[in-house]
Amino acid sequence: MSASSARPDAIALIGPTASGKTACALDLARHLPCEIISVDSALVFRDMNIGTAKPTHEELASCPHHLIDLIDPTDAYSAAQFRADAIRLIGEIRARDRLPLLVGGTMLYLKALHDGLSDLPQADADLRRAIDREAATRGWPALHADLAKLDPDAAAQLKPNDAQRIQRALEIVRLTGRSLAENYARREDDSDTPSLAIIALEPSDRGVLHARIAARFGQMLAAGLVGEVEALRARYPLQSGMPSMRCVGYRQAWEHLDGEYGTDELRDRGIFATRQLAKRQITWQRKFASTWSELRVIDCLREDLTDAVREEALRALAG
């Protein structure tokens, strides 16, 4: 959405973990005819409830929610899938004369929706197998050196043993004959991109947010996070490298169940990983704020947070 007075197609409420997004979203839903679209890469997984802070049954029943419990933990869900689903849902919700409200902290998803996606080639199974064979023979640092010859800028952003990213970078460069930067600059048609009014929650005091994160992770452990992961491992053919089990909290619980460390270290590692996640989310938001004129920042620690978010949403809708 430009800086004009046009009414947005949807409102997006984003923020780091433990910033109060859920409470603000449910407050908006009590005052406006909203349907919530989750912008969260962990909430898409079924049976992952405790560690994702998934809305309760009562919260889900209070307002229509979308893009929650979509897939099994053995599956994957991409930013491209999110973009397609979000655009479709925004159209359907608007056709019902209701307000699409995007809520979450997966900033890559929001960026894909707002900026569109690069026109990158699809994965090439034969080429990937060939790259894997090369890596098995020569090692990933050698392939990183190959990438440095083809695309020095891309190689400079990757560690020599970052197998997954080196593989994809080599695949793209070899398939297209162009650098990653050139490929990312080639955008798919984004004529269907919706206009957004974006409200970003950000703490004025990181220490307070960190205390919230510690308290919430402790609550997750008390609610049975380790047991949840144990049940998931029994029900599904999971592997530790799957996207679901790389989620913050789940990775640490998995390692704990494998005997890598005890309960106290599990708590410490989980809190640290969540703090790092929040740091990355805030960094994303600040990058957005520097280029997206439709983004407004609200201190998530203010006592009247829900009122402030509601006022900003109404202001955006008034055009």
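Where is G20 found relative to β1 and α1?

View 1. G20 sits in the loop between β1 (10–14) and α1 (21–31); helices (H or I, at least four residues) and strands (E, at least two) are DSSP runs numbered from the N terminus. With a relative accessible area of 26%, G20 is partly exposed (buried means under 20%, exposed over 50%, partly exposed in between; 1.4 Å probe, protein chains only). Leaving aside residues up to four places away in sequence, G20 touches L201 and R212 (contact: heavy atoms within 4.5 Å). The "binding site" annotation of the unreviewed UniProt entry includes G20 and K21; such annotations may be inferred rather than shown by experiment.

View 2. K21 belongs to helix α1 and counts as buried because its relative accessibility is 13%. Among the residues that K21 touches, not counting those up to four places away in sequence, are L13, V103, G104, G105 and L201. A polar atom of the K21 side chain lies 3.1 Å from the backbone oxygen of G15.

**View 3. Packing of α3 against α4.** Helices α3 (residues 79–95) and α4 (residues 107–115) pack at an angle of about 60 degrees, their axes 9 Å apart; axes are lines fitted to C-alpha atoms over the stretch in contact, and angles run from 0 to 180 degrees between N-to-C directions. The contact involves residues including F82 and I90 of α3 and Y109 and L113 of α4.

**Notes.** Residues are numbered from 1 along each chain as its sequence is written, and side-chain values use heavy atoms, without hydrogens or water. In this predicted model, local features need pLDDT of at least 70 and side-chain atom pairs count only at pLDDT 80 or more, whereas totals for chains, interfaces and linings use all residues.

Definitions and conventions: Polar contact = N/O pair within 3.5 Å; in protein donor to acceptor, adjacent residues only side chain to side chain.
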